[in-house]
Amino acid sequence: MKPKWWKESVVYQIYPISFKDSNGDGIGDLKGIISKLDYLQELGVNVIWLSPIYKSPGHDNGYDISDYCDIMEQFGTMEDFDRLLQDMHSRGMKLMMDLVLNHTSHKHPWFIESRQSKDNPKRDYYIWRKGKNGGPPNNWESYFSGSVWEYDEQTDEYYLHLYSKYQPDLNWSNPVVIDELHNMVEWWLKKGVDGFRFDAISHIVKAEGLPDADNPHQTKTVRAYEMFSNLENVHTLLQNLHDKVLYYYDIMTVGETSGLGPEQALDYVGDGRRELNMTFQFEHMFIDAASSGSGKWNVVPWNLLELKKIISNWQNVLHDRGWNANYWCNHDQPRSVSRFGNDVLYRVPSAKMLATFIHTLEGTPYIYQGEEIGMTNIAFESIDDYRDVETLNYYEEQRDNGVPEEEIMQALRKRSRDNARTPMQWDTTPNAGFTKGTPWIKVNSNYMEINVADALNDPDSIFHYYKKLIQLRKQHKVIVYGRYKLLLPLHSEIYAYTRTLDNDQLLVILNFFEREPLFELPKDVSPEGMELLISNYPPEKNEDLCKLKLRPYEARVYLQRLPKSANEQ
């Protein structure tokens with residue numbers, strides 16, 4: 001396996017609007033981020049992933065870009081960005097930009113021109129079609145509810161938007177559009193950015209002819225993901241982008257690629273594919289949902305055996321062939337400790353256990369802002385407190401369908417993207433130290449108990465546990481490159497595995513629940529010479545690793561040196 005800096009990195013995602021406000025307008029900004037770089041350096045992360053900061057009307061918090069080469073005024077100026085980049089580089093950190101190539105804002109000059117007339121030179125920058133039978137051109141459903149088509153009176157045609165109507169999809173069949181996007185990507189690379197997370201990149205190609213999807217239940221719209229996800233020509237377009245632009249820079253590239261398994265992921269990240277370094281996949285994000293996509297709102301119980309199956313498949317298929325991004329949450333997902341841990345009785349140990357998992361798998365670990373202090377989901381009382389466009393659309397759709405108010409609100413409290421978007425909790429001053437003004441979205445009321453200031457002062461905090469995990473990853477190559485092997489595959493509470501590189505072997509033992517199961521060391525794993533690297537509870541006196549009673553959400557990581565003959569292949 002070839003060593004790469006991006007394989008050995010730990011990424012920290014910043015959602016700028018909610019990170020730190022420097023001027024009291026209630027909105028996080030670039031100067032706010034600059035003021036907290038020392039904090040991130042203390043944590044030990046190598047790469048900052050910055051969610052979109054481009055000029056935008058903000059209908060989807062910056063994922064609707066109106067100018068790719070300018071900064072959103074509320075975030076600051078291009079001079080602020082240049083200083084941020086410089087200050088990060090001086091600290092040995094790299095910056096990965098979040099770049100949306102599937103769609104723009106409806107306020108982008110290209111789209112403003114495109115909708116002027118059917119013969120406008122930029123008409124073909126987007127996907128326009130005539131209606132069919134008095135309705136939209138086809139029956140595809142938007143990720144944000146309703147049809148993917150929006151009628152435009154001015155030219156009596158519809159434009160396609162996989163997301164909100166304020167985010168028209170670009171037409172990647174137009175070579176002029178491709179050239180425009182290539183030039184823009186290179187513009188940022190020349191400024192010195194260190195990589196890109198390509199948002200919704202698996203959707204840039206749509207099925208030829210835009211046909212209706214199968215509709216056995218004759219519903220108004222259909223989740224037609226097979227019509228616009230991971231189609232073959234996506235790879236041609238990405239290889240073209242790589243060969244013409246990305247190849248010439250030592251950067252990190254990540255693709256948001258929903259709806260695929262590890263074998264398909266190799267089409268994007270396999271060695272020699274000339275496309276991306278790693279994917280953001282979602283298979284494990286739907287173990288507690290009735291189905292993928294908009295089915296996420298229907299929460300179902302999840303089980304550990306399914307998680308083991310999914311993660312083990314990704315670990316084994318990609319080993320020595322490609323690379324993956326490992327994460328529990330981000331700006332689109334609920335808080336991990338509320339979802340997969342226990343945010344009441346066992347918030348601290350369960351947050352540490354979940355962190356141990358992500359940081360000891362093969363792949364690059366991702367930390368979402370606030371995850372390192374155990375921030376939790378928010379329970380807003382009123383729909384008026386929510387800001388997310390997907391959430392608001394879902395609420396209206398369910399109301400129209402006659403679903404009771406409290407039932408809708410319960411779903412939002414578990415699944416809304418706003419769970420991850422409440423302001424970063426810095427200290428116990430008003431608004432958690434995020435702003436001196438009125439925050440754009442309410443601060444979680446538990447900031448008096450959960451905040452950075454307290455975490456820094458407590459040597460046993462979640463923050464200091466994350467810091468140690470990151471340090472261990474830098475010290476032991478086996479944590480980065482070791483081959484994964486699942487242990488106890490049928491145990492419903494304990495997730496255990498080894499990672500092996502040359503003669504170093506890592507043993508990871510995780511109790512995913514609040515019960516106290518007995519861990520029994522498999523006979524083919526020797527307890528000899530095991531060194532405890534990290535644990536989220538102090539070890540018991542005279543304990544026996546061969547038969548170890550685990551405490552609620554307990555996590556342990558051991559390292560042992562194998563005899564040379566034990567690991568010969």
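Which residues of helix 14 are buried? Keep that in mind as you open this predicted model and follow the stops below.

**Stop 1: helix 14.** Select residues 462-475, the 14 residues of this helix. The buried ones are Ile462, Phe463, Tyr465, Tyr466, Lys467, Leu469, Ile470, Leu472 and Arg473.

**Stop 2: the largest cavity.** Searching the whole structure turns up four cavities of 30 Å³ or more. The largest has a volume of about 80 Å³. To find it, select Gln281, His284, Ile311, Asn326 and Leu361, the closest to its centre of the 13 residues in the lining. Next, colour helix 8 (304-318), strand 12 (325-326) and helix 10 (347-359), the elements that each give two or more residues to this lining. Helix 8 has the largest share, with three residues. By class, you will find eight nonpolar and five polar residues around this cavity, and no charged ones.

**Stop 3: the second largest cavity.** This one holds about 60 Å³ of space. Select its lining: Trp328, Arg335, Ser336, Val337, Ala351, Leu354, Ala355, Glu371, Gly374, Met375 and Tyr466. Tyr466 takes you back to helix 14, where it is among the buried residues. Helix 9 (336-339) and helix 10 each supply at least two residues here, and the largest share, three residues, comes from helix 10. The lining of this second cavity comprises seven nonpolar, two polar and two charged residues.

Definitions and conventions
Residues numbered from 1 in each chain as written. Predicted model: local features only at pLDDT ≥ 70, side-chain atom pairs only at ≥ 80, totals over all residues. Heavy atoms only, no water. Helix = DSSP H or I, 4+ residues; strand = E, 2+ residues; numbered from the N terminus. Expected span 1.5 Å × (residues − 1). Buried < 20%, exposed > 50% of the residue type's maximum accessible area, 1.4 Å probe, protein only. 1 Å grid on protein atoms, 1.4 Å probe; cavity = no way out; pocket = protein on both sides within 12 Å on 5 of 7 lines; lining within 4 Å. Points joined across faces, edges and corners; volume = space filled by probe spheres on them. Nonpolar A, V, L, I, M, F, W, Y, C, P; charged D, E, K, R; others polar.
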